[in-house]
Amino acid sequence: MSSSEEDDLLLAASSFVLMKAFIKKTSKTKRKRRWWMTSLYRNRGLYSGTMLLNDLQKEDGDHFKKCCRMSYETFNQLLTLVEPKIRKEDTKFRKAIPSNERLALTLRYLASGDSFASLSLVFKISKSSISHIIPEVCTAIIEVLQDYIQIPKTQEERLSVGKKYEDLWNFPHCIGAIDGKHVQLQAPIGSGSNFFNYKSTFSIVLMAVVDADYNFLCADVGCQGRISDGGIFRNISFFNQLEEQKLEIPPAEKLIGREKAVPYVFVADEAFPLKENILRPYPGSHEKGSAKEFLTTVYLEPDELLKMFLVFYLPYLGYLENLCYLNPNCYNKCKGIEPEVEVVGYSEDD
């Protein structure tokens, strides 16, 4: 054998040894399971999530609502809609997690933001299973409820929203309230300060328009928390449709007993732009009792998802001549009715 052939043979042998050592080092040895299921989850039959839901439903008060943020009747209605999409079949190895527990687990996570480790102790479901259940149920909820949130498509539907505002809040020509809600989260990896907001937390923003009953008319979610409400609002489809006059907003009409036509408006706080159909406060602070300080105070339930601060100012849009009508105290006094809403800034004699 020549020297060149010996060198080639030696090189091939060396390469084989190195390759085998590399493969052995990089290959992962599969760890043998110590058990198929821990005793905590094997004993789900002793007290499962279903039993927890039944106990909450039997209790007096609103224990079930505090857990799932909805009544037992609403829970069952939602379960009827999503069950065909989230139901699993039993196997020879184990029983499937019931649909009602899957839904309750997801609602509890959305309501409280508890960690998977905490939820696993309450519902006796492993963290790995929870990580699959929650996205699956959320997707099912979106699919079955996507038609429940719709922008009014006709002027008649807008007028219906405005009528509700006038009946419930004594606010004529209001067709929606706009505001943003910061939803706190853990900062995504590598996101830097993109999600860091003015509250010194990390969040994404829910931008929404709601009617007089707190029902969503429009919603946009996912924008980084560092962006202001006004900046987000200018970049959503709702604002573009408003600018292009595609929202089917009714034309300006006269208030009862008045001659000046008043436009229909969405109410918002000072973070939003002042437009013909968007009513917002004057910036800065003003002297108590002045026209700019005129506002209506509305008290909502503390657990409402979106707080509506209905603040409107008459002089800027030429509404002063309608003061008697828009001030509930004065309006009710003229009709011989005891005032139900306190208006700050004006007395009944103003």
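Guide: Let us begin with a term: rings of Phe, Tyr and Trp count as a pair if their centres lie within 6.5 Å. In this predicted model, there are eight aromatic pairs.

Visitor: What makes Phe233 and Phe272 an aromatic pair, and why is the pair called edge-to-face?

Guide: The ring centres of Phe233 and Phe272 are 5.4 Å apart, and the limit for a pair is 6.5 Å. Their planes stand at 80°; since planes over 60 degrees apart count as edge-to-face, the name applies.

Visitor: Why is this pair said to link distant parts of the chain?

Guide: Phe233 belongs to helix 10 (residues 229-233), whereas Phe272 lies in the loop between strand 6 and strand 7, and 39 residues separate the two. Both Phe233 and Phe272 are buried. Ring pairs also join them with Phe238, Phe239 and Phe266 in a cluster.

Visitor: Turning to the helices, why is helix 5 called roughly perpendicular to helix 6?

Guide: Helix 5 (residues 72-86) and helix 6 (residues 99-112) pack at about 115°, their axes 9 Å apart. Angles from 65 to 115 degrees count as roughly perpendicular, so helix 5 is described in that way relative to helix 6. Their crossing is right-handed.

Visitor: Which residues of helix 5 and helix 6 meet?

Guide: From helix 5 come Phe75, Leu78, Leu79, Val82, Glu83 and Ile86; from helix 6 come Ser99, Asn100, Arg102, Leu103, Ala104 and Leu107. The residues of this contact comprise eight nonpolar, two polar and two charged.

Note on methods
Residues numbered from 1 in each chain as written. Predicted model: local features only at pLDDT ≥ 70, side-chain atom pairs only at ≥ 80, totals over all residues. Heavy atoms only, no water. Axes fitted to C-alpha atoms, helices over the stretch in contact; angles between N-to-C directions. Helix = DSSP H or I, 4+ residues; strand = E, 2+ residues; numbered from the N terminus. Parallel < 35°, antiparallel > 145°, perpendicular 65-115°, else oblique. Left-handed = near helix turned anticlockwise from the far one by under 90°. Contact = heavy atoms within 4.5 Å. Nonpolar A, V, L, I, M, F, W, Y, C, P; charged D, E, K, R; others polar. Phe/Tyr/Trp six-rings, centres within 6.5 Å; stacked < 30°, edge-to-face > 60°. Buried < 20%, exposed > 50% of the residue type's maximum accessible area, 1.4 Å probe, protein only.
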